[in-house]
Amino acid sequence: MQWGEDAASRGGIRRLAGRIGLSGRLLLLTVVFVLIAEVLIYVPSVASYRRSWLSDRVAAAQVAALVLDAAPRQRVSDDLARRLLMGVGAQAIALKAGGARRLLNLTPMPPEVAETVDLREAGWIDSIGGAWRTLTETNPLPLRVVGHGMDGVDFVELILDPAPLRRAMIAFSRRILLASLAISGITAGLVFLVLQLSIVRPVRRLARNIATFAEDPEDLSRRISPSWRSDEIGAAETALARMETILSDELRQKRRLADLGLSVSKINHELRNLLTTAQLLVDRLEHVADPGVQRVAPRLVATLGRAIRYCEGTLAYGRAAERAPERRVMPLRPILRDALDLAGLAPGSAVTIEDRTPEGLAVDADPDQLSRVLVNLVRNAVQAIGLAGAGEGTPLVAIEAERQGDTVTILVSDNGPGLPERARAHLFEAFQGAGRSGGTGLGLAIAAELVRLNGGSLSLDETGIGARFRIVLADR
């Protein structure tokens with residue numbers, strides 16, 4: 001039952017803290033810190049006040065001692081003694097001078113006292129402890145105070161009623177409390193005003209802008225305008241403005257890509273129909289007796305079939321997503337067949353495509369997807385050489401491969417112009433890594449995705465001449 005009450009209490013505190021805004025919390029913290037500082041100041045202050053009050057009584061007792069010393073035979077009347085004791089506020093005054101002790105009192109000396117305060121030797125720790133005892137204890141016994149004498153007097157002793165001292169200290173504490181509250185209020189108000197203007201309002205402006213920008217992130221008019229400030233708030237405004245600009249651009253680009261994807265889906269639908277018709281026409285070429293036609297027709301039929309399957313897969317997903325690979329272990333050289341026929345894409349440059357892969361090397365991958373990757377890499381190399389020529393020697397595109405354990409590495413290299421620096425930073429990002437004029441930047445992005453689907457990686461090696469792409473495929 002107690003645990004449930006504690007949990008409910010903590011829940012209430014959390015709800016209350018949730019209702020108090022940042023300004024209110026700062027105000028409360030400022031008041032608390034100022035009060036803590038006042039308490040730390042009050043403790044030595046009240047001890048000093050007690051010491052000063054007792055020192056004043058000792059000083060008054062010293063004056064009374066001079067009167068007593070000047071009296072005939074060092075004796076005064078009862079009426080004068082009463083006035084002297086009332087002026088000092090003591091029950092008895094004792095002094096020592098010239099080795100003799102003198103006593104001024106009207107009532108018998110008390111057999112014991114509540115505390116002896118020796119002002120000649122008391123330190124700050126003793127003074128603070130004595131002030132605390134005076135404020136908290138209500139002992140009816142009197143207080144004995146010892147102080148320095150003057151004009152030949154060794155020391156002066158007083159027997160005091162502690163009640164007037166306690167009342168004076170309570171009144172002093174009340175004044176300190178009122179002054180502390182006033183100082184706390186003024187300080188908290190000033191701190192609150194400064195923080196409200198310098199921190200809270202700018203933070204609220206940031207929060208409002210974030211909420212407004214979230215309603216329509218593509219609207220650049222909702223972007224925050226950084227202020228003149230050069231501190232952390234100004235840095236946050238600048239960073240937020242930069243982030244909102246980048247996010248707005250990215251979202252607009254993604255929306256355009258989504259619209260483009262819808263258009264591509266429609267084009268795919270029509271292209272599938274056209275390819276299906278073309279496949280039906282190509283099927284008739286198989287019955288033509290011409291040897292050249294017989295050699296080309298099967299590969300043309302296979303290429304059209306692969307294009308139709310890709311279009312159907314795209315339409316099935318409703319976007320340009322690749323199907324799951326159907327991996328199997330098969331020889332690499334048959335997969336390279338289409339890539340080796342791409343030399344004619346650069347007429348007049350006489351590009352040579354060499355297959356340097358070992359005979360019988362097998363790879364664990366989807367043959368259609370791996371063929372598309374290799375065709376894309378070889379086609380890019382041939383087209384780059386056709387546009388800019390070879391860097392050194394005869395225009396050449398070489399395909400190499402080797403197996404190390406359960407990993408096959410395929411290298412597609414050329415001696416063309418290489419890739420520009422601006423294309424390297426976003427080489428495998430769609431619409432970002434076009435390496436030649438007129439390119440879309442889609443080919444390498446699709447190739448990298450296909451290799452990843454097959455459990456591998458596609459990367460660009462650093463070479464002095466041309467470009468070299470590395471495909472790494474691990475067996476399942």
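Student: How much space lies in the second largest pocket?

Tutor: Keep in mind that this is a predicted model. Among the residues lining this pocket, Arg306, Pro334, Arg337, Asp338 and Asp368 lie nearest its centre. The space in the second largest pocket comes to about 250 Å³.

Student: Which element gives the largest share of the lining of that pocket?

Tutor: Let's start with the elements that give two or more residues to the lining: α7 (291-317), β6 (328-331), α8 (337-340) and α9 (367-388). The lining also draws at least three residues from each of domain 2 (232-318) and domain 3 (328-474). The largest share is five residues, and the element that gives them is α7.

Student: How many residues of the lining of the second largest pocket are charged?

Tutor: The lining has 14 residues. Five of them are nonpolar and two are polar, and the charged ones number seven.

Student: Which element gives the most to the largest nonpolar core?

Tutor: This core holds 38 residues, and Leu370, Leu374, Val378, Val397, Ile410 and Ile471 touch the most other members. Two or more residues come from each of β8 (362-365), α9, β9 (396-404), β10 (407-414), α11 (443-453) and β12 (467-474). With nine residues, the element that gives the most is α9.

Student: How far apart do the end C-alpha atoms of residues 176-199 lie?

Tutor: The unreviewed UniProt entry annotates residues 26-47 and 176-199 as "transmembrane region". In the model, residues 26-47 are 100% helix, with end C-alpha atoms 32 Å apart. Residues 176-199 are 100% helix and 0% strand, and their end C-alpha atoms lie apart by 32 Å.

Note on methods
Residues are numbered from 1 along each chain as its sequence is written. This is a predicted model: local features need pLDDT of at least 70, side-chain atom pairs count only at pLDDT 80 or more; totals for chains, interfaces and linings use all residues. Side-chain values use heavy atoms; hydrogens and water are left out. UniProt positions are given in the numbering used here, feature names are shortened, and annotations may be inferred rather than shown by experiment. Helices (H or I, at least four residues) and strands (E, at least two) are DSSP runs, numbered from the N terminus. On a 1 Å grid over the protein atoms alone, a cavity is a set of points where a 1.4 Å probe fits but cannot get out, and a pocket is an open set with protein on both sides within 12 Å along at least five of seven lines; lining residues have an atom within 4 Å of a point. Grid points are joined across faces, edges and corners, and a volume is the space filled by probe spheres set on the points. Ala, Val, Leu, Ile, Met, Phe, Trp, Tyr, Cys and Pro count as nonpolar, Asp, Glu, Lys and Arg as charged, and the others, Gly among them, as polar. Domain bounds come from an automatic or database domain assignment. A nonpolar core is a set of buried Ala, Val, Leu, Ile, Met, Phe, Trp, Tyr and Cys residues joined through side-chain atoms within 4.5 Å. Buried means under 20% relative accessible area, exposed over 50%, partly exposed in between (1.4 Å probe, protein chains only).
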